[in-house]
Amino acid sequence: MKDILKQFVEISAPSGREEPIQKAIRASIQPYVDEIRTDSLGNLIAHKKGNGKKLLFDAHMDEIGFVATYIDDHGFVHIEPLGGHNPVNLPFQRICFEYGSKGTIGFESEILSKNGADRKEVSFDTLYVDIGARSKNEALSKIRIGETATYDSPFVDLGNRYMSKAMDDRIACALLVKLIQTLQTHHHDLYFVFATQEEVGLVGSKAASYGIEPDFGIALDVTATGFEDTPKGLKRVPMKLGAGPAIKIQDRSMIANHNLNQWIQTVADQNRIPYQFEVLPFGGTNGGVIQTTKSGVYTTCISIPTRYLHSPSEMVDVMDVQNTLQLVKAIAEKEIVL
Ligand code: CO
Ligand code: ZN
């Protein structure tokens, strides 16, 4: 699990540029599935045939990133966000562009003298990337307009926890790959969607789900942690690291199917797998678009609690990862009865 997770999180593949991670996932599951294909949005769709109803597992392959918009007269690269970023978190983060150039994010530091050091005016208007170029021409020889970038932040094993960029959502990609590789028996007709462009609006998953027409959908994604987890953490968020996979109750994109959630709790109890519940006052997952496919799909989401979401240092707990794998395995083996 650790090796495959390290491999996946260190691949640079932001929304719209998922091919490198798509190829890595395909190579690791091809021998274990009956059919595998890539659709026109770049989604990787694998099928493990079964006799029962269609059960779809979904994880998104893309990660948040940046796109180069223009290069100024001094050779600084200006960028726009790909997916959700809080600009306040960005100064002095290192990033790596699509064709290999590296740099650090800087910002117009005179905004500090006007407003103190609170950085409130740090925005994509005042940020730029310094790639060490001495001139506009040197920068233009290294970076193309429209070139994407991601955090340059490798995987770290902290003992009981793992830290990296792109845990969102490569942790779920790694879990599904492990599930596919190790599943011995299964009841349902299983589809695995490794979706594109989640971070820019749940784009790939919507199309993939429409084509599959599943009976049941389970999205796997990360979720935030709150006041019980880190000093003065988010007040309205009870999730924490180490308390097991989080069964989604609701977020801004969906109310999860209550009967499916109760069935999942029964499976978790029978297998003595710890779990917690997730009520997230912001954000959404692919579950939101799977649920409304065609005439509707019984859908929920199983979330891996993650600290410091959308930062270069997203952190997960090793026990949570193992327990989430046990839970999705137990779900895939059984017949869903609602
Ligand atoms: Co995300
Ligand atoms: Zn995600």
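**Salt bridges, cores and selected sites**

Glutamate 278 and lysine 248 form a salt bridge in which the closest N and O atoms are 2.9 Å apart. In this predicted model, glutamate 278 lies in strand 15 (residues 276–279) and lysine 248 in strand 14 (residues 246–250), so the pair ties together parts that are 30 residues apart in sequence. Glutamate 278 counts as buried, at 0% relative accessibility, and lysine 248 likewise counts as buried, at 0%. Across the whole structure, 14 salt bridges were found.

A further salt bridge joins arginine 161 to aspartate 317, with 3.0 Å between the closest N and O atoms. Arginine 161 belongs to strand 11 (residues 161–164) and aspartate 317 to strand 17 (residues 314–317), so this pair connects parts 156 residues apart in sequence. Arginine 161 is partly exposed, with a relative accessibility of 23%, whereas aspartate 317 is buried at 7%. Aspartate 317 also caps the N-terminal end of helix 9, with a side-chain oxygen 2.8 Å from the backbone nitrogen of methionine 319.

Helix 9 (residues 318–333) contains 16 residues and spans 23 Å from its first C-alpha to its last, close to the 22 Å expected at 1.5 Å a residue. The helix is mostly covered, twelve of its 16 residues being buried. Among the buried residues are Val318, Asp320, Asn323, Lys329 and Ile331.

Ile331 is also one of the residues that touch the most other members of the largest nonpolar core, together with Ile25, Phe57 and Phe194; this core has 57 residues. Helix 5 (residues 167–182) gives the most to the core, contributing ten residues. Beyond residues up to four places away in sequence, phenylalanine 194 touches Ile25, Ile29, Asn43, Leu44, Ala59, Met61, Cys173, Leu176, Val177 and Ile180. A second, separate core comprises 22 residues, including Ile71, Ile95, Leu127 and Tyr151. In soluble globular proteins, nonpolar side chains tend to be buried together.

Aspartate 168 is located in helix 5. This aspartate is buried yet has no salt bridge, and the nearest side chain of opposite charge, arginine 170, is 8.5 Å away. A polar contact of 2.9 Å instead links the side chain of aspartate 168 to that of histidine 310.

Glycine 75 occupies the loop between strand 4 (65–71) and strand 5 (77–82). The residue is buried, with a relative accessible area of 2%. Apart from neighbours within four places in sequence, glycine 75 is in contact with Ile131, Ala133, Ser135, Lys136 and Ala139. The C-alpha atoms of glycine 75 and alanine 195 are separated by 35 Å, the two residues being 120 residues apart along the chain.

Lysine 136 also takes part in a salt bridge with aspartate 73, at 3.8 Å from N to O. Lysine 136 lies in helix 4 (residues 136–142) and aspartate 73 in the loop between strand 4 and strand 5, so the pair ties together parts that are 63 residues apart in sequence. Lysine 136 is partly exposed, with a relative accessible area of 31%, while aspartate 73 is exposed at 61%.

Terms used:
Residues are numbered from 1 along each chain as its sequence is written. Chains are lettered from A and ligands numbered from 1 in the order in which they are written. This is a predicted model: local features need pLDDT of at least 70, side-chain atom pairs count only at pLDDT 80 or more; totals for chains, interfaces and linings use all residues. Side-chain values use heavy atoms; hydrogens and water are left out. A nonpolar core is a set of buried Ala, Val, Leu, Ile, Met, Phe, Trp, Tyr and Cys residues joined through side-chain atoms within 4.5 Å. Buried means under 20% relative accessible area, exposed over 50%, partly exposed in between (1.4 Å probe, protein chains only). Helices (H or I, at least four residues) and strands (E, at least two) are DSSP runs, numbered from the N terminus. Contact means heavy atoms within 4.5 Å. The expected span of a helix is 1.5 Å times one less than its number of residues. A polar contact is a pair of N or O atoms within 3.5 Å; within protein, one must be able to donate a hydrogen and the other to accept it, and residues adjacent in sequence count only if both atoms are side-chain atoms. Lys and Arg count as positive and Asp and Glu as negative; His and the chain ends are not counted. A salt bridge is a side-chain nitrogen of Lys or Arg within 4 Å of a carboxyl oxygen of Asp or Glu.
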